[in-house]
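Hello,

Here is the structure we talked about. Please open it and read my notes alongside.

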Protein chains: 2
Amino acid sequence: MFEVAEVGRSLSKEEYKQAEPEVHYRLLTLQQKLRASSKALIVIVAGVEGAGKGEVVNKLNRWFDTRDVQTHAFWDETDEERERPEFWRYWRTFPARGSISVMFGSWYGKPITDRAFDKIDDGDFESELQRIEDLERTLTRDGNIIVKLWFHLPREEQRKQAELDSKNFGFKKPGLMGEYSKSYEQLTRVSGRAIRLTDTGFAPWNIIEATDSRYRDISVGKALISSLERALKNNTSVSESTQEPEDSVLDKILESSKSNITILDNLDLDQSLTDEEYDAQLSEAQQRLYKLAWSMHNQKKNAVLVFEGWDAAGKGSSIRRLAAAMDARLYRVIPVGAPTDEELLHHYLWRFWRQIPRAGFMTIYDRSWYGRVLVERIEKLADQREWLRSYQEINNFEENLTSHSIAVIKFWIHISNNEQLNRFKARENDVLKKHKITKADWRNREKWDQYKLAVNDMVAHTSTAYAPWNLIAGNDKKFARVQILNTVCESLEKILNPQDPPSEVS
Amino acid sequence: MFEVAEVGRSLSKEEYKQAEPEVHYRLLTLQQKLRASSKALIVIVAGVEGAGKGEVVNKLNRWFDTRDVQTHAFWDETDEERERPEFWRYWRTFPARGSISVMFGSWYGKPITDRAFDKIDDGDFESELQRIEDLERTLTRDGNIIVKLWFHLPREEQRKQAELDSKNFGFKKPGLMGEYSKSYEQLTRVSGRAIRLTDTGFAPWNIIEATDSRYRDISVGKALISSLERALKNNTSVSESTQEPEDSVLDKILESSKSNITILDNLDLDQSLTDEEYDAQLSEAQQRLYKLAWSMHNQKKNAVLVFEGWDAAGKGSSIRRLAAAMDARLYRVIPVGAPTDEELLHHYLWRFWRQIPRAGFMTIYDRSWYGRVLVERIEKLADQREWLRSYQEINNFEENLTSHSIAVIKFWIHISNNEQLNRFKARENDVLKKHKITKADWRNREKWDQYKLAVNDMVAHTSTAYAPWNLIAGNDKKFARVQILNTVCESLEKILNPQDPPSEVS
């Protein structure tokens with residue numbers, strides 16, 4: 001989940017200077033539109049210590065016309081607050097229609113720290129998050145736009161920041177800062193679970209990489225602009241002049257190299273195996289898998305394997321290598337194409353529920369339910385509301401599987417844009433493979449950048465502790481196949497020997 | 001909650017014969033409309049043993065054109081099912097767009113019996129219900145209409161039914177039936193909590209009194225007709241001939257005496273006190289309250305008192321008797337009228353959250369947030385979707401209070417229609433009270449039957465174990481005042497000595 005906020009996104013001073021005035025102007029015009037509407041905006045500023053949340057709040061107060069903006073900082077509870085139900089302090093601060101509340105700290109703080117420092121157990125933690133979801137639903141139904149920002153720093157960055165802080169402002173809660181830094185792992189795990197459980201279609205999370213403050217601030221601006229534009233789209237009482245400018249500098253800059261890095265860009269595609277290495281490792285992994293598949297069957301345990309990736313990334317051939325290692329009675333490969341007529345008459349998850357095998361078998365999906373947030377999103381077969389809420393539906397679906405002790409193992413096979421071009425060309429020149437290349441493949445290729453973004457979002461929203469994404473470097477097919485086989489073996493071993501069960505909260 | 005299904009509703013043979021053909025015809029035409037739509041219908045048939053759920057299912061199969069109807073009975077899990085995640089068996093059976101699934105037994109069965117027979121704890125029970133709510137939300141978002149029917153029998157009726165069954169069909173799971181009957185209290189408590197936690201705006205529960213099978217079946221028909229009409233209203237592809245007939249026999253019959261009994265009708269309005277009794281009991285109760293109010297303050301405990309009732313039912317004078325018994329520093333009376341401009345700019349619960357006192361004080365509401373499901377419903381100030389989902393919002397709000405150890409004590413003061421007329425007339429003839437009677441009061445009086453229904457629904461949906469409704473017979477003011485005072489005292493004593501904390505699940 002947080003891996004998408006550790007990819008090294010940044011903006012140069014020059015880029016920031018160009019983008020910032022547009023953010024400022026567009027937020028001001030959207031604020032005017034908000035004022036004339038029956039809606040209100042709640043901005044939740046949350047995230048790890050040291051990520052510069054205070055600076056973000058200051059920036060928001062500079063960008064918005066402050067007449068209608070109220071900032072509320074939630075520190076320790078006051079006596080007044082402690083003597084009332086917990087949400088009272090928040091209800092007091094909710095904005096009137098047409099105005100804005102910036103929440104520095106929020107209802108997420110207490111459950112997360114309480115759980116991380118073991119003051120409450122998993123059950124209480126989940127109840128708290130449920131109450132939060134109820135609250136947010138109540139608010140959005142009533143016309144509130146909730147923008148949730150989570151600022152993330154990699155561990156090392158947070159440590160540096162803590163040192164810097166204690167050097168510059170020795171007085172800034174040094175004890176707490178140290179404590180937080182020490183519990184980084186635990187807080188990250190708990191926060192990840194809190195985010196996942198409250199990542200709803202009506203109030204989704206934005207996970208923002210905060211290492212570079214310029215990138216951080218501009219992406220806050222961008223997140224607010226997108227949410228406000230979406231929410232106020234149908235409000236026609238204000239002239240169309242507030243629409244997105246045609247030659248947006250902001251968008252151009254956000255598409256530029258350093259601020260557009262995705263989790264895929266950080267994968268080392270040069271990894272490869274020699275033929276000898278490949279032969280040896282493949283055969284070893286296949287033997288290992290053969291035994292594991294039978295152990296799974298004997299213990300009546302299931303696994304669901306999901307293969308996604310670029311066209312020509314090698315999904316099919318990887319699946320064949322995997323299947324070759326197992327007794328054919330123990331698995332089934334399900335190629336997922338366009339839904340049938342009957343499937344279209346049901347919820348999009350229905351066809352996947354149908355395919356769930358009895359205990360003791362393995363199902364391998366060649367493409368999967370993630371089509372909802374990939375091709376259906378890009379081709380606009382599902383509208384934004386639909387695919388946004390799918391993240392939670394998919395997470396719930398997979399939790400249904402894993403809580404029934406089914407291993408869910410997900411792969412995205414990544415190749416470079418150039419490698420894909422080479423493979424497409426090679427296929428076209430090969431009479432046996434020619435049929436595999438269609439016009440649709442070339443069309444998809446043109447949407448490479450959109451897909452890259454969609455994959456990044458998919459990993460951000462659906463890479464969970466119980467069903468994480470495995471990103472596989474696929475330029476070298478041999479390397480990819482062996483890595484996939486080994487990953488499957490490791491996952492199966494984990495489920496066969498659950499000394500250390502996968503859990504989001506230790 | 002179930003008290004609304006123990007009021008003795010019934011239909012005569014004659015009435016049933018008149019109503020049934022209309023139910024049949026309207027369901028058939030609605031089914032045609034459904035077929036032409038992109039929606040599907042899921043009917044959940046649930047409730048206590050012995051309530052005749054099987055007969056209801058048979059009736060549905062007679063009323064609907066069975067070509068598009070599938071009935072699924074969920075008994076014990078099969079091997080096939082046990083080896084897959086729990087919801088798999090349900091996903092298999094979900095209807096295609098345009099068609100209908102009748103679920104005899106459902107996802108509610110297992111969590112309720114598991115909790116009642118102590119196989120799972122409260123935490124697990126709530127997680128299960130949460131997953132059910134997620135599932136139902138996923139389905140309704142995708143165009144499924146979910147109609148949830150809960151059939152209730154009073155304890156004595158169930159016992160009779162069990163005897164009858166074992167006499168007539170000795171083979172019908174006699175053991176289980178006996179077991180269920182023995183655990184009536186426990187099952188009822190657990191079911192009540194399950195219903196409350198899943199009584200959402202998008203899939204609300206219908207609680208149906210099943211003692212009289214004719215009334216039971218016709219109200220099933222009526223519930224389906226209402227839900228389908230509401231859900232298919234915007235579907236204009238079918239001619240308007242399917243609209244509600246102007247001279248509906250069904251509606252007339254359902255407004256007739258025996259099938260229109262509400263929980264208010266069962267209140268004995270003849271209860272009264274003599275002057276001597278009144279003086280003695282009032283003074284005793286007031287002294288008791290005086291001490292309790294100080295104990296509450298000293299223990300820093302809060303109470304929220306809600307007064308609702310007919311115009312001229314005596315809310316004000318009861319509140320005065322109550323207030324007279326307490327130190328003026330310890331309570332505040334909040335008369336709730338039309339919302340202010342500022343309040344209108346917020347969620348309707350915002351103004352009530354604002355008023356929550358610090359620990360150690362009492363707040364008395366003269367009218368309350370229940371205006372949402374009473375006047376706002378009747379005067380159409382809130383649309384149906386809004387007030388339907390308010391039940392859950394209000395329950396969540398009150399649970400926020402009670403889980404912070406605030407006692408929530410709710411009164412509906414009931415008087416007869418005639419008594420109201422007398423009081424109105426008396427007020428008009430009294431120069432000191434004349435100002436209390438307005439045209440609005442006379443207008444409300446005309447909507448007496450609508451209000452009666454709304455009150456019944458309100459009690460059905462919001463009378464919870466932690467914040468039950470107290471219905472007060474108010475024709476005799478003296479009786480009402482003393483009863484209110486005593487009820488308040490008992491509730492405060494309970495919260496001051498929580499040996500036996502109020503809980504929905506023992």
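Does B:Phe64 count as buried or exposed, and why? Keep in mind that this is a predicted model. B:Phe64 has 22 C-beta neighbours inside 10 Å, so it counts as buried. The cut-off for buried is 20 or more.

Now find B:Phe64 in the chain. It sits in the loop between helix H2 (53–63) and strand E2 (69–73) of chain B. Set aside its neighbours within four places in sequence, and B:Phe64 is in contact with B:Leu27, B:Gln31, B:Val69 and B:Ile100. B:Leu30 is 34 residues from B:Phe64 in sequence. In space, C-alpha to C-alpha, the two are 9.4 Å apart.

Next, a helix pair in chain A. Helix H2 (residues 53–63) and helix H10 (residues 213–232) of chain A pack at an angle of about 50°, and their axes are 11 Å apart. That angle makes H2(A) oblique to H10(A). The crossing of H2(A) with H10(A) is right-handed. From H2(A) come A:Glu55, A:Val56, A:Lys59 and A:Trp63. They meet A:Ser213, A:Arg216, A:Asp217, A:Val220 and A:Gly221 in H10(A). By type, the residues of this contact are three nonpolar, two polar and four charged.

Last, the contact between the chains. Chain A gives 34 residues and chain B gives 34 residues. On the side of chain A that touches chain B, the elements with two or more residues are H4 (88–91), H6 (122–141), H15 (350–354) and H17 (384–402) of chain A. H6(A) gives the most, with seven residues. That side of chain A has 13 nonpolar, nine polar and twelve charged residues.

Best wishes

Key: Residues numbered from 1 in each chain as written. Chains lettered and ligands numbered in written order. Predicted model: local features only at pLDDT ≥ 70, side-chain atom pairs only at ≥ 80, totals over all residues. Contact = placed C-beta atoms within 7 Å. Helix = DSSP H or I, 4+ residues; strand = E, 2+ residues; numbered from the N terminus. Nonpolar A, V, L, I, M, F, W, Y, C, P; charged D, E, K, R; others polar. Axes fitted to C-alpha atoms, helices over the stretch in contact; angles between N-to-C directions. Parallel < 35°, antiparallel > 145°, perpendicular 65-115°, else oblique. Left-handed = near helix turned anticlockwise from the far one by under 90°. Buried ≥ 20, exposed ≤ 12 C-beta atoms within 10 Å, placed from the backbone.
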